[in-house]
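Please read the following briefing alongside the sequence and the model.

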Amino acid sequence: MRIEVHRAWWVTAVTALVVVVAGACATTAGLLVTPLHQEFGWSRATIGIAVSVNMVLYGLTAPFSAALVDRFGLRRVAVGALLLIAAGAGTTTAVSEPWQLVAGWGVLVGIGCGALAMAFAATVAHRWFTTRRGLVTGFLTAASVFGQFAFLPVMSWVVDHFAWRSATIALALLALAATPLTWSVFRDHPADLGLRPYGATAFEPKPLPEPGAARRALRLLLSSARTGPFWLLAGTFAICGASTNGIMWTHFASAAHDHGMPTTIAASLLAVIGVVNVAGTIASGWLTDRFSPRLLLAAYYALRGTSLLFLPSLLAPTVQPGMVAFAVLFGLLDVATVPPTIALCREVFGDGGAIVFGWVSAAHQVGAGLVALGGGLARDLMGSYDAVWISAAGLCAMGALLATAIKKPAVQPA
């Protein structure tokens, strides 16, 4: 008996591949800090500028990407983003000055990855699914995190045994390899194939292309920014970025090296976080379909802050049971915030929720970029990352309080 698989699941699978490739770029930057410092003598703060530009552009691109999808379709945006990543990662191999690192890794890779960020995944889930949106969003978010961490041990081994340039070339080749599959499998809407979205009871016509993608993204920003829930969502997600991308993904390997731990071991711990993230994020999507996303966010931030508070005492030359427990707990919580945040954006802002989530994601990356730069400065000035870990824990406690205050406004934004 032949079992028909709805095309939505094939689109989801290819989307997962695309975001895995984009995600692999996010944490590779952390492996480049030490070799760039050793080869060129650049300070960690100087290298942190390129990482910060990457993260900020990653965030700022997301809302415009969601609007561009409405104008040009999923397929064109995805392929264009993959080609930008390949170009940026490839040109990074030829850098000899800090500004070149900013241009290649900061600008090109940042924009390419931002176009395939969580807002892109939210758009896929919204277009192709009527039911199981929370589960699909959690799965695609987990795929992004899997890409961020699963490649770390491999990339770390490549950096140690060959050169850091080999790692960036590998990323460029991954992006190029995913491009033809993306073009052949992706479709912009179920109606392109005469299908209904998964779980829909009636056929839904394909929306007409939205002209003025940039204007629409800015218009939604202006209207949503007049509401309190937008700033609460942006504030909590900025804290999320600061306590994950900003410090963990950028500085953990360097901080562990300061305590005598080999970089390959530190990368393996980050890989453990990534593997556990898959379970944690999918479970969070499942929970978001069933429980209050506000309470879930509050619990996630509180537990994450507690884990970061204990991290300085766990760093050592060798991996102890406490560090393994930290990696598992942090992995469960790391990106678990995404499904409930997307659900709240959709609940509060309706059909514009994906684009609004793009702006909320921009706040996530601004928070990440500030802490990526600030963490490097703190290490240069104080010789230790301890104060940064403790500060991140305090921010998470604030995020838990802010999450409980997110409510749907009485008057919906235009």
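Glu347 forms a salt bridge with Arg294, their closest N and O atoms lying 2.6 Å apart, where a salt bridge is a side-chain nitrogen of Lys or Arg within 4 Å of a carboxyl oxygen of Asp or Glu. The model is predicted, so that local features need pLDDT of at least 70 and side-chain atom pairs count only at pLDDT 80 or more, while totals for chains, interfaces and linings use all residues. Residues are numbered from 1 along each chain as its sequence is written, and side-chain values use heavy atoms, with hydrogens and water left out.

**Salt bridge**
- By this rule the count comes to one salt bridge, and the pair links distant parts of the chain, 53 residues apart, with Glu347 in helix α14 (residues 338-349) and Arg294 in helix α12 (residues 293-314).
- Helices are DSSP runs (H or I, at least four residues), numbered from the N terminus.
- Glu347 is partly exposed at 32% relative accessible area, whereas Arg294 is buried at 16%; buried means under 20%, exposed over 50%, and partly exposed in between (1.4 Å probe, protein chains only).

**Nonpolar patch**
- Ile265, Val272, Val319, Val324, Val328 and Leu332 form a nonpolar surface patch with about 390 Å² of accessible area together, a patch being made of residues with over 30% relative accessible area and no salt bridge, with nonpolar side chains joined within 5 Å.
- Accessible areas come from the Shrake-Rupley method with a 1.4 Å probe.
- The largest share, three residues, comes from α13.

- The side chain of Ser224 reaches the backbone oxygen of Leu221 at 3.2 Å, and Ser224 is buried, with a relative accessible area of 1%.

Conventions: Patch = residues over 30% accessible without salt bridge, like charges linked within 9 Å, V, L, I, M, F, W, Y side chains within 5 Å. Helix = DSSP H or I, 4+ residues; strand = E, 2+ residues; numbered from the N terminus. Polar contact = N/O pair within 3.5 Å; in protein donor to acceptor, adjacent residues only side chain to side chain.
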